Every structure is written in C-alpha cells, then in structure tokens.
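Okay, thanks for coming, everyone. Let me put the chain up on the screen, and then we'll walk through it together.

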Amino acid sequence: MKLSKFKFNLPEKQIALYPAKNRDESRLMVVNRKTGQIEHKIFKEILDYFGEGDTFIFNNTKVFPARLYGNKEKTGARIEVFLLRELNEELRLWDVLVDPARKIRIGNKLYFGEDDSMVAEVIDNTTSRGRTLRFLYDGDHDTFKKALYALGETPLPKYIDRPVEPDDEERYQNIFATEEGAVVAPAAGLHFSRELMKRLEIKDCRFAFLTLHCGLGNFREIDVEDLTKHKMDSEQMFVNADVVEIVNAAKDAGHQVCAVGTSVMRAVETAVSTDGHLKEYEGWTNKFIFPPYDFSLATSMVTNFHMPLSTLLMMTASFGGYDLIMEAYDVALKEKYQFGAYGDAMLIL
C-alpha cells in the first residue's frame, strides 16, 4: 500500500477550528461495510445502532497542558517547548520538542513564567528537534508538576490554527479522562456527553476503559512511499483485568464491540491473543495498521475525519475497506463535513 493513495485535497475551511456547541451534536456519518450504504445523522443518534450488551471501548487517557513558551538566556529568544513525557521524576527530567530547534544547544538555560519562576537546562539532544530538559526546581514533585502545568497551555494540534482559548481546556478532553499522560486527545471520544453516556447505559450498553497515552507520532509526516517501511512512534498503554473481562464477555455473547477511536483500535490489536480475545497488557505499542489488515476483535468503530496522508486515515481505511472509506471521504468533502479533532464523526459498522 502506497502513501500517495491517501492523498486528497482538504479545503482549509473544512478543518474544524472549534468543537460543536454540544459534544453529542456534531454530525455523524454512518458507513455500513456490508451494504456500502452511507447515512447522515447527528452524533447522539448513535443510540439507534446499539443495544443491550453491546460494548464500547474508550481510551481514558488525559491530556496535560504540554505546550509552554519560554525565553532563552542572554538572547531572550522566544522558544516553544512541547512536553512529551517525564523521564525521571526525581531528577525532573523531561523529553521535549523545541521550536526553533536550531537555536537550542546542550547547556542552554530556558526561563518560563512572567517572573522567570521556572528554569530548565538542556542536558541532551535526542533528535533534531527533541531535547532532554532538566527543570531546576526546589520543592516536592506534586508542587513542581502543578507549577509546570500552570505555565502550559492545551496542546491543540497545529492544524487548529488559532490561539488557545479557556474553553479548550475542557473541550479538548474526554469527559471520562482520568489517566494523565497524553499530548493528543483521543478525538473520537470527544463526542460523548454525560447525557449520551447515560442514555447508552439505560439501553444496557457496557463501557470498558483502557489507557493509551496518545503522542505526537500521530501527526509526524510519513516520508516513505512504501508504507511497510514507516516506523510508528511508541505509545504507552495499559489494558487491565476489568477491560478484558467486559470485552471478552461481549465478544463471547455475540454482542457488538465498538472501538471508540484509532488509539483504542491500536491498543486492542496490540493486546489481542491469537484466539481473538483481549488479554491484559502493560507496556508500549508502535503498531502501525494500514490496508490490508485483518482485525480480530472490534465489530464497529467510531472515528473522526482525518487529515490527508495521516496514519489515522490509514487505520480507518483498514477497518472500513480502502475503497469504501475513500468514497465516504469524497462524500464528506461534498457534504461539507468538518475534519480534525474538533470535527465531525464517522461510525463504521
């Protein structure tokens, strides 16, 4: 499968800059793999497609305020620092991206906050843009994290080309997000409101929550035409015994198992056993799913409309079938669906 097969022209005005007024009132395109039928709905009408015993798997990772702006010592140059993950709690070491990268070398100090209250020193160059920072901070770890996050802002994807606003802190987060560690929101879950979850519960649908900390690898450009040569960044994930029990019971009873988002699908396909059942898992995954691919567990999937040439689109096309999904994308473009994390949703049955 070639990279160029996932190219399409996406008008800028169809990239959603803001979420729908109410979480569950974005548009929903329903794509049926068996019949090829495409329907147009409102997201809360997803209720019509699920019933007793059907199970939704959600990603409960929580986005932290990962984007900071600091100033370089002496020159005062403004530097964007994107926190990726904490490497060492005791030493306050963080894996970060810096922009512009060419200005930052080992030994440089960066100052954050109006009163330069937070200082970090560059101690390692890991990649061309990546660095390891050591934050110089007196105080316990909880106080440090609180101070660091107070300086950060919600890490909206770069394609949402506008300043971050106060509402983004809540809206770029799933309502069931509890496990901190993501720098990218699992966007398919953003459509689920408390009211909708309650109504699904009343229909006796089941919920299972796994954790996959979504990283920036989702947005990294693929620079090879042959997709077998692309390497995904690793992401940390956890599948506990509760999830395993709920999902396997649904599968064995012949109920629907719906993966809410590409991150859930990646996690499930990483933690599935050869007999098609989910197993407990704690570790990392760099699984890259592109067509053709045989899925072993989920019977349906909720996902957003993704950017051209993205790994997220490739996984969607793997599940829905390349021809049908690209046809659905043509329809979405004509029907003015909104793309990206704050955009509309697709349900693949």
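Let's begin with charges: Lys and Arg count as positive, Asp and Glu as negative, while His and the chain ends are not counted. Each charge is placed at NZ of Lys, CZ of Arg, CG of Asp or CD of Glu. With that, the chain has 44 positive and 54 negative charges, and their mean positions are 5 Å apart.

Before I go on, a word on where this comes from. This is a predicted model, where local features need pLDDT of at least 70 and side-chain atom pairs count only at pLDDT 80 or more, while totals for chains, interfaces and linings use all residues. Residues are numbered from 1 along each chain as its sequence is written, and side-chain values use heavy atoms, with hydrogens and water left out.

Now the overall picture. The chain has 7 helices and 17 strands; these are DSSP runs numbered from the N terminus, with helices being H or I of at least four residues and strands E of at least two. The radius of gyration is 21 Å, close to the 20 Å from the globule rule for 349 residues, so the chain is as compact as a globular protein of that length. That radius is taken over C-alpha atoms, and the rule is 2.2 Å times the number of residues to the power 0.38.

How much of the chain is buried? Of the 349 residues, 54% are. Buried means under 20% relative accessible area, exposed is over 50%, and partly exposed is in between, using a 1.4 Å probe and protein chains only. As for contacts (heavy atoms within 4.5 Å), take those between residues at least 6 apart in sequence: 71% of them join residues at least 24 apart.

On to the helices. Helix α7 covers residues 322-334, and its 13 residues should span 18 Å at 1.5 Å a residue; the end C-alpha atoms are 19 Å apart, which agrees. The expected span is 1.5 Å times one less than the number of residues. Buried residues in α7 include Y322, L324 and I325, and the buried ones pack against β1, β2, β16, α6 and β17. Helix α5 (residues 262-270) is mostly covered, with 9 of its 9 residues buried.

Leaving out residues up to four places away in sequence, T55 touches R206, I246, A250, Q256, V257 and C258. N60 is in the loop between β3 and β4, and N60 is buried too, at 9%.

Where does E90 sit? You'll find E90 in the loop between β6 and β7, exposed at 72% relative accessible area. E90 and H141 are 51 residues apart in sequence, yet 7.6 Å apart in space, C-alpha to C-alpha.

Most residues other than glycine have a negative phi, and most peptide bonds are trans. K74, though, has a positive phi of about 70°; K74 is in the loop between β5 and β6 and is exposed at 83%. K336 has a positive phi near 60°, sits in the loop between α7 and β17, and is partly exposed at 48%. Then we have cis peptide bonds: one from D99 to P100, with omega near 0°, and one from P291 to P292, with omega near -10°. That's my tour, thanks!
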